[in-house]
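User: Hello! I am new to this structure and would like to learn how to read its salt bridges. Could you walk me through them?

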Amino acid sequence: MTAATLPPAGEQATQGKVISPLLGTYKRAPMEFVRGSGFYLYDGDGKEYLDFTSGIGVNALGHADPGVMQAMQTAMQTGLIHVSNLFRTPAGERLAMALTENSFADSVFFCNSGAEANEGAFKFVRKWARKNFSTEKSEIVAVRGGFHGRLFATLAATDRPSYRAPFRPLAGGISISERNLEALKVTLDRETVAAVILEPVQGEGGVRVLDPEFLRGVRELTREREIVLIFDEIQCGLGRTGRLFAYESAGVTPDIVTLAKPLAGGLPMGAVLMRADIAAAIEPGEHGTTFGGGPFVAAVAEHVFSRLNDEALLRNVRENGEWLGEQLRALVGQSEKVRAVRGTGYIWGLDVGEAAANIVKRGWDAGLLILTAGEHTLRLLPPLTASRAELEKGLSLLKAIL
Ligand code: PLP
């Protein structure tokens with residue numbers, strides 16, 4: 001099929017006949033974006049859309065950020081796009097140093113996506129448990145409402161029956177526990193469980209900020225039973241909660257943090273941050289990935305990380321986020337259409353009385369891009385650079401489409 005005969009984007013298939021060569025894994029919106037600038041995306045007709053999706057939490061600095069563009073130009077001038085993980089590059093070394101110097105971690109593994117970061121973390125904890133304890137200690141426990149990716153092991157840790165059912169059997173040795181301490185006290189057997197994975201703020205699962213008290217309880221329990229605590233900060237980390245890492249907002253230090261989405265400003269990159277004793281369990285050849293941490297993406301990520309690790313930006317996210325939360329909570333009283341509001345920083349969810357996808361579609365007409373997080377939950381992920389003025393604009397468009 002040639003470009004000229006392509007149907008409008010979004011029409012994936014009719015009556016079993018494929019009419020676009022793009023695999024129909026997403027219900028794509030009808031508009032096509034041809035340009036991005038700051039908080040806005042533009043379609044072919046020049047229509048402007050305020051982007052409160054940030055590319056599902058990726059474009060933390062908005063679109064066409066001059067610093068990110070410059071970092072790419074500078075990286076291009078080295079001529080180094082890829083050299084393979086058989087060799088070191090200054091960008092990769094510096095990025096690893098920046099991540100460890102600014103976190104609890106001693107060591108970093110770079111990869112290309114969120115799911116790949118979590119899959120890597122699962123392998124590292126299994127090896128750590130095998131080396132330090134026994135082959136029995138291998139189970140990975142996730143919690144209700146969590147989302148960790150779409151590959152076989154991460155899907156086994158993801159609590160979405162419709163995502164899982166068509167692809168069984170999923171990876172073994174991974175289970176999902178109820179999201180409370182009582183259940184975890186029973187599930188977390190010292191002899192068989194190697195790790196617990198959870199998102200401090202559950203994103204896809206409806207925007208749920210996990211209670212710091214619960215997180216502290218999980219920390220105590222895992223420490224006591226020599227179980228690794230993995231925080232999946234792929235969506236909620238790197239500034240989204242108003243702290244560099246979401247674990248800082250919760251006041252709990254995990255043993256592993258996984259990152260991806262915003263890390264390289266829109267280029268694909270994931271990372272697993274871990275303590276030295278976990279890193280010490282991994283021998284050369286035991287894990288790898290061709291593209292992970294290449295010099296080009298690492299150079300851009302180094303810039304993005306330095307921008308997100310900025311107290312003024314983080315304070316804005318905290319202060320404006322609190323304001324946004326107040327405005328959104330006020331909607332619950334004003335309209336029976338908004339039933340509940342949850343969130344923190346620049347990640348907010350609204351439970352709504354109609355299909356959330358319908359409201360998202362009305363947003364397209366009104367020039368506002370927002371997300372769903374479940375059938376009846378809207379999700380807002382504004383760029384972390386959005387000021388009060390952009391939040392106000394987004395809020396007034398949101399009220400109009402509600
Ligand atoms: N973990 C969390 C918390 C996520 O939100 C996502 C993606 O939405 C993933 C993992 C998977 O990341 P990726 O789509 O890059 O594989």
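Analyst: Gladly! Let's start with a term: a residue is called buried when its relative accessible area is under 20%, exposed when over 50%, and partly exposed in between. Keep in mind that this is a predicted model.

User: Are arginine 342 and aspartate 351 buried or exposed?

Analyst: Both arginine 342 and aspartate 351 are buried. Their side chains form a salt bridge, at 2.8 Å from N to O.

User: Which residue pairs with glutamate 302?

Analyst: Arginine 94 does, and the closest N and O atoms are 2.8 Å apart.

User: Where do arginine 275 and aspartate 255 lie in the chain?

Analyst: Arginine 275 is in the loop between β14 and α10, while aspartate 255 is in the loop between α9 and β13, 20 residues apart. The two form a salt bridge whose closest N and O atoms are 2.4 Å apart. Arginine 275 is partly exposed, with 25% relative accessible area, whereas aspartate 255 is buried at 4%.

User: Which residues do salt bridges with shared partners join into one network?

Analyst: That network consists of Arg219, Asp255, Arg275 and Asp277.

Terms used
Residues numbered from 1 in each chain as written. Predicted model: local features only at pLDDT ≥ 70, side-chain atom pairs only at ≥ 80, totals over all residues. Heavy atoms only, no water. Salt bridge = Lys/Arg side-chain N within 4 Å of Asp/Glu carboxyl O. Helix = DSSP H or I, 4+ residues; strand = E, 2+ residues; numbered from the N terminus. Buried < 20%, exposed > 50% of the residue type's maximum accessible area, 1.4 Å probe, protein only.
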